[in-house]
Amino acid sequence: MNQQDGVIKYQLQFSEYALHAEQMPFFARLNEWRQILFRHDLIGCHADRYEGAGYGNISHRIGNSREFLISGTQSGHLQTLQARHYARVTAVDCRHNQVQAQGQIEPSSEALTHDAVYQVDAQIRCVMHVHDPLLWGCAEALALPSTAATIEYGTPQMAVAVAQAVAEGCQRGVQLIAMKGHLDGIISYAESTYRAGEILLDMRRSGVALTFS
Ligand SMILES: [Zn+2]
């Protein structure tokens, strides 16, 4: 179970609230990219992967605030998401392992990790967490900043480790990290959804070239 997404490990304060996509100008593009990642099997749900648990999630900062919109927990099997499949994270207290959110679905189990990325740099507006065996397998060859193999997904320790790896990535101009303690776990981040997606797909092409050359 330790390698799977889907099990929320933080304390959640959740309130029911209907989110309106039209109030969020970035929503259409975010959701479009979520679909592209789904088509590439970078977000999804398969009986033969991770014991059938859904995997991967995507988020976007709301305005210049610390709040962000994130795909809901256990939504990986859905080909197309609607606004009701996203939750708005309104506060995160990493030290006490607490998340506050609202919506019609609880936020991804990796909301703490997404928050940690946003805290590194105010310019970061989109975070994509995907599962990619190929890229994860060549993380060292591609010199990707990484979290340690002993650190599990969805924990405050992972949030701290991700922040360190992202800070290293920002210094080196690498906007993609590997989570070694989370099987196939990769995170890309950028100032826009398009850039985060492009960085991820470009790095995959480098991984393919490395693996099959
Ligand atoms: Zn994951």
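Helix α2 (residues 111-120) is mostly covered, with eight of its 10 residues buried, where buried means under 20% relative accessible area, exposed means over 50% and partly exposed lies in between (1.4 Å probe, protein chains only). The buried residues of α2 are A111, L112, T113, H114, D115, A116, V117 and Y118. Helices here are DSSP runs of H or I with at least four residues, strands are DSSP runs of E with at least two, and both are numbered from the N terminus.

The model is predicted, so to speak of a local feature requires a pLDDT of at least 70 and side-chain atom pairs count only at pLDDT 80 or more, whereas totals for chains, interfaces and linings use all residues. Residues are numbered from 1 along each chain as its sequence is written, and side-chain values use heavy atoms, with hydrogens and water left out.

Stepping back to the whole chain, five helices and nine strands are found. From the N terminus on, they follow one another as β-α-β-β-β-β-α-β-α-β-α-β-β-α. The radius of gyration is 16 Å, close to the 17 Å that the globule rule gives for 213 residues, so the protein chain is as compact as a globular protein of that length. This radius is taken over C-alpha atoms, and the globule rule is 2.2 Å times the number of residues to the power 0.38. Buried residues make up 53% of the 213 residues. Among contacts (heavy atoms within 4.5 Å) with a separation of 6 or more, 69% link residues 24 or more positions apart.

The nine strands form an open sheet with mixed pairing, in the order β1-β5-β4-β3-β2-β6-β9-β8-β7. Its edge strands are β1 (11-16) and β7 (146-147), each of which pairs on one side only. Two strands count as paired if DSSP finds at least two bridges between them.

One stretch of the sheet can be followed from β3 to β5. Strand β3 (residues 68-71) pairs with strand β4 (residues 86-93) in the antiparallel sense over four bridges, and S71 has Y86 in β4 as its bridge partner. Strand β4 is in turn joined by six bridges to strand β5 (residues 98-103), again antiparallel, with V92 opposite V99 in β5. A hairpin is formed by β4 and β5, with four residues between them, and N97 in the turn has a positive phi of about 60 degrees.

Strand β2 (residues 57-61) runs antiparallel to strand β6 (residues 126-131), to which four bridges join it; here N57 stands opposite H129. Six bridges then pair β6 with β9 in the antiparallel sense, and M128 stands opposite S188. All six of the six residues of strand β9 (residues 185-190) are buried, so this strand is largely enclosed by the rest of the structure. Of these buried residues, G185, I187 and Y189 point one way, and I186, S188 and A190 the other way. Strand β8 (residues 176-179) is joined to β9 by four bridges and runs antiparallel to it, with M179 opposite G185. In the hairpin of β8 and β9, five residues lie between the strands, and D184 takes a positive phi near 70 degrees.

Finally, T193 is located in helix α5 (residues 193-212). With 3% relative accessibility, T193 counts as buried. Leaving aside residues up to four places away in sequence, T193 touches R29, L30, W33, H60, C126 and M128.
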